[in-house]
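User: I'd like to learn how to read a few features of a protein model. Could you walk me through them?

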Amino acid sequence: MAESAKVDPTKIGVGRAIAVLTSGGDAQGMNAAVRATVRVGMYTGAKVYFVHEGYQGLVDGGDNIKLATWESVSMMLQLGGTVIGSARCQDFRAKEGRTKAACNLVKLGITNLCVIGGDGSLTGANQFRTEWSELLADLVKAGKITADEAKRSSHLNIVGMVGSIDNDFCGTDMTIGTDSALHRIIEVVDAITTTAQSHQRTFILEVMGRHCGYLALVTALACGADWVFIPEMPPEDGWEQHLFRRLTDQRSRGSRLNVIIIAEGAMNRNGTPITCDYVKDIVSKNLGFDTRATILGHVQRGGTPSAFDRILGSRMGVEAVMALLEATPETPACVVSLSGNMAIRLPLMECVQVTKDVTTAMGEGRFEDAVKLRGKSFENNWNTYQMLAHLHPPEIKSNINVAIVNVGAPCAGMNAAVRSAVRIGLLQGHQMLGVHDGFDGLANGMVEPISWGYVGGWTGKGGSLLGTKRSVPIDVMEQISLSITKFNIHALVIIGGFEAFLGGLQLVEARNKYEELCIPLVVIPATVSNNIPGSDFSIGADTALNTITTTCDRIKQSAAGTKRRVFLVETMGGYCGYLATMAGLASGADAAYIFEEPFNIHDLEVNVEHLVEKMKTNVKRGLILRNERCNANYTTDFIFNLYSEEGKGVFDCRKNVLGHMQQGGTPTPFDRNFGTKMGAKSVLWLTDKLKECYRHGRIFANSPDTACVLGMKKRSLVFSPLEELKEQTDFEHRIPKTQWWLKLRPILKILAKYKINLDTEAATMEHIIRKRGLIEQ
């Protein structure tokens, strides 16, 4: 560690050259990865080259391999597809083609190759690296390159980033482009469900994914589909009758529409494809339902990348450059992956091997293994979907009453959490109670039973349909304890923001005084501010982030038209700088002012000078984000006035306060899926806790582990006792004392061309094969 501290990150690339190419199918977010690779490469002192048209450009050489500049990747973030072009390449498959490609790289002194593509593209890159020495020897022999040139380029480093909407590459939770494809799909599903409800129709949608059912599965979860067909888990024989029963059952419960999602590679147990037309015909013929089929096709690949994909692409690009520059001849070719919210490196061929193992497992009919090999995230999605879609509430009831309350400001995704909590609770045999208007509603007895059908269609609705308020229980504790007795509430699910966390704590602290409060409770973080201790992510933050990013895109576009204009945009978040920082990364901002990183007048001057310099280049526009409570004195108006004054004659300034539009809108696929999984997991946990706390015919819960926050931490969903989280909380500013995303701040500054010190502590190489071993045992 002491040695690495001495390395100057702005010098580690000096004298090195990196080439970046996109290969195979395009995916939204590839441009963010290209942009980050170019800018971070240049930041380290390396030369960076674009390779146009994928491997074909590598083989053809000439104008296809061009030196990149800082400005050449400007205004790329919000574009779908890949600006440098992609192509399927037959020539590269032959040794002759690879020899030409090697010659082109050697002549330019390029020994580092960053490949953004699917498993085919990455396997090709690894083969290229393996036979590199052989190719150089052939070139020297043929007199195409000198022995000296061969010596200088004796070793080729390869790092891969997976760009594919299918999310079919093992080793990463998400591939670049998957989240954006889900956005496109959900937009269509939302549009179709409104027309289906009007006419009492059954809609069948075919989504992409080749041999991977990820898009279909998450779509089914995110829209509450009645049935999903995925290649990893073909339906049991005789599934047609089961499907008819399911659709009829939904109609009898008052549902006006049915949605069936089919992955394009879906098949039955004998390997016969299950097509849209086949399902449409059997449903129309056997049930007489008005049925329509839609094949979404290439719409899913297109459009603007989501905020998640832009941030993912940017983070992967940074990590890829570092992996290339730190590689030695002994390091295996690696792929940069996402695990939870952590960037990790995995040996490329191990990932390719496990990806192939999925296909083998499917071919051999080992479908349970196929689902496991896809990874934890896929397996969790499948288990949650099965619970919500394929079970009937039991005849025997548990005599348990679970209440659900929304607390704090409304946010997108709250309703998805309520829906899945209600349905999973009913499947456990519990009676589910909805509390209207937060803790006030609980105190005033605004509690009523919620049925399965009541929450139908809630997944895609924004805001809070139960109603929510910011008040906390401390002043109405007496009334709340009376309501808990009156409605015989045995467990409580609190969904909301910092007030939900605070309210949960107050209920726990009042257990000494009110025995009625000795019931298990769980807090599910749901707030655009993403400021709840015990969780890296909150429901609603992703939707808000996309709203801000889309708005910033439009603002930048207007600035590009007028030239020499700087926009100052104020975001929400209370004292938490998550939205400003992540939106800054996603929209390519020049700076993001936040409370967690104190700044002074000198810092503001540096930013102005930076913008003055920027106006001398081809990129004559600026974007500055300011978190609403970053500084009491340096208000949005103050910064606007300062910039306007200092920029006189160089640029003019405009300001936008985004306000409450950040809390509204329909939830993104991430928030729907996250809310659904959180709601389900919380009720299953409460059910287990109730069994533990049941003594002498009654429930008594007073230990710290009976009142928890359910949060996403690094790689998994974790229950953390509220009592323990007190230590980790800054109550005055309503934020956790440590926040993971602050580590991404330097990336924002480097991509905006500030010469700062990037923490170059390497992500370690991990292994995926040993995980596979567990399944084989």
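Predicted model: local features only at pLDDT ≥ 70, side-chain atom pairs only at ≥ 80, totals over all residues.

User: Is Arg 251 buried or exposed, and which side chain of opposite charge is nearest?

Analyst: Buried means under 20% relative accessible area, exposed over 50%, partly exposed in between (1.4 Å probe, protein chains only). A salt bridge needs a side-chain nitrogen of Lys or Arg within 4 Å of a carboxyl oxygen of Asp or Glu. Here, Arg 251 is buried without a salt bridge, and Asp 226, the nearest side chain of opposite charge, is 7.2 Å away.

User: Which residues is Arg 251 in contact with, beyond its neighbours within four places in sequence?

Analyst: Contact means heavy atoms within 4.5 Å. Setting those neighbours aside, its contacts include Gln 200, Thr 202, Asn 258 and Phe 289.

User: Now the sheet: in what order do the 7 strands come?

Analyst: Strands are DSSP runs (E, at least two residues), numbered from the N terminus, and two strands pair if DSSP finds at least two bridges between them. The order in this open, mixed sheet is E3-E2-E1-E4-E5-E10-E11. Strands E3 (65-67) and E11 (342-347) are at the edges with a single partner strand each, so one side of each has no neighbour in the sheet. E10 (residues 334-339) pairs with E11 in the antiparallel sense over 6 bridges.

Conventions. Residues numbered from 1 in each chain as written. Heavy atoms only, no water. Lys, Arg positive; Asp, Glu negative; His and termini not counted. Helix = DSSP H or I, 4+ residues; strand = E, 2+ residues; numbered from the N terminus.
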